[in-house]
Each structure stands twice: as structure tokens, then as C-alpha cells.
Amino acid sequence: MTLVNTASDAVPSTATAKEKHPAALPMLFFTEMWERFSYYGMRALLVLYLVNAIGYTRSDALALYATYTGLVYLSPLIGGYLADRYLGRRKAILIGGITMALGHFAMAFEPLLHLSLGLLIIGNGFFKPNISTLLGSLYRENDPRRDGGFTIFYMGVNLGSFLSPLIAGTLGEKVGWHYGFASAGVGMCLGIAQFLWGQHKLGDAGLPPGKSRIDGQDWMHILLIAFGMIPLVYAIMSVWGVVGPVWNSFAVLAKLAVAVLICAVLWFGNGMFGSKQAKAEVPLTREEWHRIIAILIMGFFVVFFWMGFEQAGGTMNLFADKQTDRHLGSWEIPATYFQAINPLGIVLLGPVLAAIWTRVDQSRFRLPTPAKLAIGMIILGLGFIVLAIAQTQADTVGKVGPQWLFFVYLLHTVGELCLSPVGLSMVSKLAPARVAAMMMGVWYLANALANYLAGMLEEILKGSSFPLYWFLVGSSVGAGVVLLIITPLLKKLMHGR
């Protein structure tokens, strides 16, 4: 691994504290920024496009949004596995970036809607787990810079997320939907270019053993796999025409069971059907299994966070569009602009939270990772209290002022900063090295389930006595409190990491 200031683990803490972050951090920051620009440009426009442009009903639009975002976060499980065993992280990142660029440009043509979504899902699976794991590999074990580094990286995520509603959202809502989608494709191309430009800063990180760079043969593999995703998506769509009606008849718990089965097949497939290297590896130790169990338990709890947070692209997006008075004089604020509040807050507050975590973690009041996650969940629930009151007022007197959504997004932003970058850092610390990318994929599996539930929750609660946003108050705060209670147990499973 390559560091700006090379040092061994035996360096005194005073020297370690002054050690700079890896030289590749800025490059990975901007690569992720442009990739997130592309993803969140799509997220800002998709439901509004389906409802306002091509005539989807609210429930059908939310169902497609649920399926798309759920699979976007499920696919990293497979992409992480392929990178761990066959591709290496750098090749997987490039395959994912090119595939997503193809998907965004296809979105500019209405008949290619489902092809586009399929390419975006697959491309994200190659890209997402591997760029986070690549960053984690640049830090030593128990490196005190790690949480701060991931928080800086997470600012890149949110800088792209901030720009996308303003650029892609404005083009989509004010000029033409397909211009907005095409701008997301341009952003993804810029991300690929940024990653290629900064390759020399990575050293041999993310390459298979014995490799010092990506050569011509690697590029042939990358392009063949990326463009080969087009016929693969069409093949999957043909199969889905038969399988889809059966899948749609399953209850949510049955779908979850299928997802768990996929995890088990991939996991145990490492030894049964993997490469000779995989079969020859020493089995995971007891401590490594404990750390994996800790990841899985915390992954279960963050489902409740993201199930609420991801209302932003669905019901909260529609609340901004239909139930918020967006007029400032003669100008009407595009509904997509509200989704820029969250990333702007993270860019502004990210350095503050990074400094706070660094200071707290170096003091006797250090908070364990599960406690940080729990605090994030509780703060998210406070945001839904504000939104539940706003929904009641909108139902009673009509459209409400934009300040309601502003305060909701502000609280959600603080909650996200307590949870998401810390969670990514935690997985990179706890996951055994030989299954690191796959475990990052498992972490995103929690996001997959949460995103699916986020889109379907309104339909699931229909006919019950639970208003959507009050239900999310209970699920967020309740999960946070339980996680706080079991934090001592999780600390033991983490073995001091």
C-alpha cells in the first residue's frame, strides 16, 4: 500500500497523529463525486419522470423505484465477490463505471427505460463495493486516520449528490427529461476519466498479485464485460417476463429469504466452487467469524435507518412536488432542488463531524461504532416527527411552506453523518481481508432491503392504522435504542477494532 508518509505500526502515537492521508484519497474523492452525481441525478428525476412524463400511477412509480434502488444495493454483493476472486478491484471499478455510463445515456431514450435501469444496477454492483474497499486498503489496521478519511471520502459522495439535483434536475424538469438523464451519463464519464488519471497514486493497491498496472489484455476484458452487459440485460428481461409474476406474488419476508439464500450460495461457493487459491485458503478464525457476525448484526439495524432515509427519492420527492408551496415570487423552485439540501449539509458539516469524531475517539469518551450508528438512527426519527406534522398540516389546509422539508433534510443529514461514513469504515476494519469486498457487498445488502422497503412501505401500510411518517418515527428511534442496549455485546464481537 502507498502512503504519503510511510510508517510502521510501531510508530509512536504523536507521529501517527501527524501522518497525512494516502495520496490517492483526493483522486478517489473526485471519482466517487462524479459517480454519485450520475446516480443521484437519476434518483432525483426517476419518480417525477415516471409520474409526470410517461403516466405511471403513484404506486406503480414507487414500486419501480423500490425495485430499481433495491437491486442497485443488492448487486454489490455479486460485484464484490467477483472482484475478490477474479477481477481485482480496479478492473471491477472500470467495468462498473463504463456500464453505468452506457445506462445513463440509454435513459435518454424512453423505449430503453428498462435496459437503462438494468445497466445501472449491474454497473453499480461492480463499482460501489470496490471503490470503498480500495480506499480502506490504503490504511493500516487500527489506523486512527481511517474514520476521518472515510468522512472526507463521504464528502465527495455528497458534493456529487448536491450538484446533481441542481444540474440534472434543472435540465430534466425545465429543459427536457432526457437532457437530465444524459447529463448524468456525462458525469459518469468524468468519473472514469478521473480514476484513470490518478492510477499512479494507488501503487499496486486493487490489482491482482503480481500485477503493477492495468495492461492491454485487462482493457480487452474490461470492455468485453462492460458491453457484454447489454445482451445480458436483455436476456434477464426475457427471463423476468416468466419469473416476474411469480416473484411479485411473494411476500416481503419470502423475498428477504431469497436474498439470504443468494448470500449463502455466494459465501459457501467460495470453498466449494471457487478457484484453487480459494480452496487452499486457511478457514476463517473464530475472531474473524465474530467480526463478521458483528457486521451482520449492525447491517440488520441500519435497514431501519435507510428505510426511512430513502424516502427522499420517493414519497418525500412527491411531497415536494405535490404538497409543498415552491413559489418564490414568480419563480417556482424545482422539486428536485430539495434533494440538494442533504448533500450540501454534509459538505458543510462533514469536516465538523470528522473533527468531532477524531477528537472524541482520541479521548476517554470514545464512542464505539454501534453507539454512533444508534445516534444517527434516533436523529433520523426526530426528522420524521417534523415531516409527520407537515403531512398532517398539508392534508388539513393544503400546501405547506418549504421550511418544513428544509428542517427534515437538515436533521436527516446530521443522522446520516453519524451513521454512513462510520459504517463504511467499520466494514473495512472488521471484514477479513480475503472477503473484504464481498463483506462490503453484504453491508450494501442491508441498503438493498431498506431501499426496497422504502419504496414499498406506503403500499405495505395501506389499510393499516399507521401513518407512514409516524411509523418511521417509531422504527428509527426504536431500532436506535435497541442498538444502544446491545452495544456492549457488539464491542466484544469486534475484538477491539
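Tutor: Gladly! Let's start with T369, which is in contact with M298, V422, M426, K429 and M494, leaving aside its neighbours within four places in sequence. Keep in mind that this is a predicted model.

Student: Where is T369 found, and is T369 buried or exposed?

Tutor: T369 is found in helix α14, which covers residues 369-397. The cut-off for buried is under 20% relative accessible area. T369 has a relative accessible area of 6%, so T369 is buried.

Student: Let me try another one. Which helix holds V157, and what is V157 in contact with?

Tutor: V157 has its place in helix α6. Apart from neighbours within four places in sequence, V157 is in contact with E32 and R36. The relative accessible area of V157 is 6%, so V157 is buried.

Student: How should I think about the side of a helix?

Tutor: An α-helix has 3.6 residues a turn, so residues three or four places apart point the same way. In α12, 7 of the 8 residues are buried. The buried residues are T315, M316, N317, L318, F319, A320 and D321.

Student: Now the nonpolar core. Which residues touch the most other members of the largest nonpolar core?

Tutor: They are L28, Y68, M298 and W443, in a core of 135 residues. Helix α16, residues 436-461, gives the most to this core, with 13 residues.

Student: What is L28 in contact with?

Tutor: Leaving aside neighbours within four places in sequence, L28 is in contact with I131, L134, L135, L138, F153 and F195.

Student: What about empty space inside the protein? How do we look for that?

Tutor: Rolling a probe the size of a water molecule over the atoms shows where empty space is left. In this model the count comes to 4 cavities of 30 Å³ or more.

Student: What is the volume of the largest cavity, and which residues lie nearest its centre?

Tutor: The largest cavity has a volume of about 220 Å³. Its lining has 21 residues, and Y154, W306, S420, Y444 and N447 lie nearest the centre. Several helices supply at least two lining residues each: α2, α5, α6, α11, α15 and α16. The largest share, 5 residues, comes from α15.

Student: How many nonpolar, polar and charged residues are in that lining?

Tutor: The lining of the largest cavity has 11 nonpolar, 5 polar and 5 charged residues. For the second largest cavity, the volume is about 140 Å³. That second cavity is lined by 16 residues, with Y40, R43, Q339, N342 and P343 closest to its centre. Two or more of its lining residues come from each of α2, α6, α13 and α15, and α6 gives the largest share, 5 residues. By class, the lining of the second largest cavity divides into 9 nonpolar, 5 polar and 2 charged residues.

Student: Last topic: salt bridges. How many are there in the whole structure?

Tutor: A search of the whole structure finds 13 salt bridges. One of them joins E310 and R43, with the closest N and O atoms 3.1 Å apart. E310 lies in the loop between α11 and α12 while R43 is in helix α2, so this pair ties together parts that are 267 residues apart in sequence. E310 and R43 are both buried.

Student: Which residue forms a salt bridge with R36?

Tutor: That partner is E35, with the closest N and O atoms 2.6 Å apart. R36 counts as buried at 2% relative accessibility, and E35 counts as buried at 0%. R140 and D143 also meet in a salt bridge, at 3.8 Å from N to O, and R140 and D143 are both buried.

Student: Which residues are linked in a network of salt bridges?

Tutor: D321, K322, R326 and E332 are linked in that way. D321 is also among the buried residues of α12.

Note on methods:
Residues numbered from 1 in each chain as written. Predicted model: local features only at pLDDT ≥ 70, side-chain atom pairs only at ≥ 80, totals over all residues. Heavy atoms only, no water. Core = buried A, V, L, I, M, F, W, Y, C linked by side-chain atoms within 4.5 Å. Buried < 20%, exposed > 50% of the residue type's maximum accessible area, 1.4 Å probe, protein only. Helix = DSSP H or I, 4+ residues; strand = E, 2+ residues; numbered from the N terminus. Contact = heavy atoms within 4.5 Å. 1 Å grid on protein atoms, 1.4 Å probe; cavity = no way out; pocket = protein on both sides within 12 Å on 5 of 7 lines; lining within 4 Å. Points joined across faces, edges and corners; volume = space filled by probe spheres on them. Nonpolar A, V, L, I, M, F, W, Y, C, P; charged D, E, K, R; others polar. Salt bridge = Lys/Arg side-chain N within 4 Å of Asp/Glu carboxyl O.
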